[in-house]
Amino acid sequence: MKRILTVLVALILVLSCFAACDKGSDAEAESSRPFTTQPANQLEYTLNSDGNGYTVTGIGTYTSTDLIIDTYNGLPITEIGFEAFKGTGITSVTLGDSVTKVANQAFSGCRSLKSITIGTGITNMGYFSFDGCAALTDVYYNGTIESWCNISFGDAGNPMWLNAKFNLKNASGGYDVITKLAIPETVTEIKDYAFEGFDSLTSIAIPDTVMSIGKSAFKGCAGITSIAIPTSVTEISVHAFKGCEKLESATFLNTENWVRGRSGNTISIQSSELQKPKTAAEYLTKTFVEDSWQVKK
């Protein structure tokens, strides 16, 4: 009987030892597993298909309200992704020169956003990129008026559409608020929404190299009082001068063969009426503001 008890006790001890060893192995294996959580205070990125840059895709674990978007992992950040910061509480944004594109709705609904600094590389700002950014008061641009004219904007994609101040970088490295705009002679078209909301402007000079003025191009430029349309301009898109409330004089250097309307359903605009600067201004801003204009060929 004693011999049987001794054997049983020995078996229990052996089994206990095995159980303890197994638990130790499990604990060791658990402790050696790598953590997969995202680092603190970091935006979300995806590597571009060419492997030469990144796109910012979301706020991630970033907690600061000031964004500086330039490089990541030693590579340039080239794009701000679709809805990347939509509805977040950011207050300022700085886009480095490597950023070329801001996708649709990227900053939509950022109600606390007050200022944005835009680098020289930007070429495209998508639809509704800044929709609902009611607190945005200052736009700083590091490029030139010529390069600004080359940017493609979607509706509510120009941060100026909310009537912010346009601050252009000067030779000293500071910024000047632009009140007088002279379109460079290298520009052949004024694109859609290009100067929408520039309510600080008091004058605009369009050179005779410009052939078309895009949709809502000067919409909301409430400070301008006069404009001259050179003979080179043969197209003026819908809403181009909508909201230019103080515009009292529009001088057409060519008053012949202008028609208004859409999709081939056009009506002639009398040359004798366009020869009257006050009447022409009223046509552009109120009477025919919903129509596209063109010179009939």
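Lys242 is partly exposed, at 29% relative accessibility. Lys242 forms a salt bridge with Glu290 in this predicted model. The structure holds four salt bridges and zero disulfides.

**Salt bridge Glu290–Lys242**

- The closest N and O atoms of Glu290 and Lys242 are 3.7 Å apart.
- This pair links distant parts of the chain, 48 residues apart.
- Glu290 sits in the loop between helix H4 (277-287) and strand E23 (292-295).
- Lys242 sits in the loop between strand E19 (235-236) and strand E20 (249-252).
- Glu290 is partly exposed, with a relative accessible area of 38%.

**Salt bridge Asp291–Arg260**

- Asp291 forms a salt bridge with Arg260, and their closest N and O atoms are 2.7 Å apart.
- Asp291 lies in the loop between H4 and E23, while Arg260 belongs to strand E21 (residues 258-262).
- The pair therefore ties together parts that are 31 residues apart in sequence.
- Is this pair buried or exposed? Both Asp291 and Arg260 are buried.

**Salt bridge Lys276–Glu273**

- Lys276 forms a salt bridge with Glu273.
- Here the closest N and O atoms are 3.3 Å apart.
- Lys276 is partly exposed, with a relative accessible area of 41%.
- Glu273 is also partly exposed, and its relative accessible area is 22%.

**The sheet from E15 to E22**

- Six strands make an open sheet in the order E15-E17-E19-E23-E21-E22.
- The pairing in this sheet is mixed.
- Its edge strands are E15 (189-190) and E22 (265-268), and each pairs on one side only.
- E19 and E23 run antiparallel and are joined by two bridges.
- Glu235 stands opposite Gln294 in E23.

- Another open sheet holds six strands in the order E3-E6-E8-E10-E12-E13.
- Pairing is mixed here too.
- Strand E3 (66-69) and strand E13 (175-177) are the edges, and each pairs on one side only.
- Neighbouring strands of this sheet are turned by 15° against each other on average, direction ignored.
- How do strand E10 (residues 138-141) and strand E12 (residues 165-169) pair, in which sense and over how many bridges? They pair in the parallel sense, over four bridges.
- Val139 has Phe166 in E12 as its bridge partner.

- A disulfide needs two cysteine sulfur atoms within 2.5 Å.
- Cys221 is in no disulfide either: its nearest cysteine sulfur, that of Cys244, is 5.2 Å away.
- Cys110 counts as buried because its relative accessibility is 0%.
- Cys221 counts as buried as well, at 0% relative accessibility.

Note on methods
Residues are numbered from 1 along each chain as its sequence is written. This is a predicted model: local features need pLDDT of at least 70, side-chain atom pairs count only at pLDDT 80 or more; totals for chains, interfaces and linings use all residues. Side-chain values use heavy atoms; hydrogens and water are left out. Buried means under 20% relative accessible area, exposed over 50%, partly exposed in between (1.4 Å probe, protein chains only). Two strands pair if DSSP finds at least two bridges between them. Axes are lines fitted to C-alpha atoms, for helices over the stretch in contact, and angles run from 0 to 180 degrees between N-to-C directions. A salt bridge is a side-chain nitrogen of Lys or Arg within 4 Å of a carboxyl oxygen of Asp or Glu.
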